[in-house]
Amino acid sequence: KTARPVLKVAIIGAGTMGSGIAIALAQAGIEVQILDLNPDALQRGLSHCRNTWDRSVSKGKLTQAKRDRFVASVEGVESYDQIADCDLVFSSLDAVMKKGAVLATNTSSLNVDEIAASTMRPEDVVGLHFFSPANIMQLLEIVRGKETADDVLATSLALAKRIGKVPVVAGVCDGFIGNRMIDSYLAQAMYLLEEGATPSQVDLALEKWGMAMGPFRMSDVVGNDVPWDGRKHRRAANPELKSPVIADE
């Protein structure tokens, strides 16, 4: 299927993930709008984008002209009405968006089919799960729902290539691919703590082995609230689940 054109993208939420995605898109020449109903959070997100590019300029990795072009391509907005002409966005207010816009969710664990069912156009809904920090990590999980249109999948794959990500197509399941693997990895790391190892010892051993970052250092970067929210969601869905490792579905 032919991919839909993506010239302008709206991002809902100006947090660490949202601003990281904005950086990745802007650097690929895509116009970006970041929507956040909290003005302070919006300004923090915009500042994160600018500061990231400023550091690159100071290190000689980015020219001032490119920095200025990237900054100019990212706009902060505080109303859903202001993003109505974007090509790629997700919100529960899908009625605001133009026909043909892709509704993409960055969720790492929520059911994409349930999200799609809450819209009037489930065929336009897809999961685009970036990993933090989104402007650096290369992996992009593309989650295809049961009603995701072929051209929406093609659009997602084309966008991943355009912004320099490695796309992996996943189905709808708890944790998709990456987090299902990380759950098992973290479970073994926790067993080592129970046996007397320290977090720094575990991290050092795995980093010497070749991992870019140990499991506990990774958790500090991502935030321990993220897996905690995932565990609460999983327990609510399956109260009988005992193991920290996700069972096959």
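This is a predicted model: local features need pLDDT of at least 70, side-chain atom pairs count only at pLDDT 80 or more; totals for chains, interfaces and linings use all residues.

Q: Okay, so at what angle do the axes of α6 and α7 cross?
A: Roughly 130°, and the axes come within 9 Å. Helix α6 covers residues 178-194 and helix α7 covers residues 199-209.

Q: What do you call that, parallel, perpendicular or oblique?
A: Angles over 145 degrees count as roughly antiparallel and 65 to 115 as roughly perpendicular, with the rest above that range oblique. So α6 and α7 are oblique to each other.

Q: Is the crossing left-handed or right-handed?
A: Right-handed, as α6 passes α7.

Q: Which residues make the contact?
A: From α6, Y185, A189, L192 and L193; from α7, P199, V202 and L206.

Q: Switching to strands. Why is β2 largely enclosed?
A: Because 4 of the 5 residues of β2, residues 31-35, are buried, the strand is largely enclosed by the rest of the structure.

Q: How does β2 pair with β1?
A: In the parallel sense, over 5 bridges, with β1 being residues 8-12. V9, for instance, has V32 in β2 as its bridge partner.

Q: How does the chain get from β1 to β2?
A: Through helix α1, residues 16-26, in a right-handed β-α-β crossover.

Q: And what about β3?
A: Strand β3, residues 74-77, pairs with β2 in the parallel sense over 4 bridges. There, V77 is the bridge partner of L35.

Methods. Residues are numbered from 1 along each chain as its sequence is written. Side-chain values use heavy atoms; hydrogens and water are left out. Buried means under 20% relative accessible area, exposed over 50%, partly exposed in between (1.4 Å probe, protein chains only). Helices (H or I, at least four residues) and strands (E, at least two) are DSSP runs, numbered from the N terminus. Two strands pair if DSSP finds at least two bridges between them. A crossover is right-handed if, with the strands pointing away from the viewer, the path from the first strand over the helix to the second runs clockwise. Axes are lines fitted to C-alpha atoms, for helices over the stretch in contact, and angles run from 0 to 180 degrees between N-to-C directions. Angles under 35 degrees count as roughly parallel, over 145 as roughly antiparallel, 65 to 115 as roughly perpendicular and the rest as oblique. A crossing is left-handed if the near helix is turned anticlockwise from the far one by less than a right angle, and right-handed if clockwise. Contact means heavy atoms within 4.5 Å.
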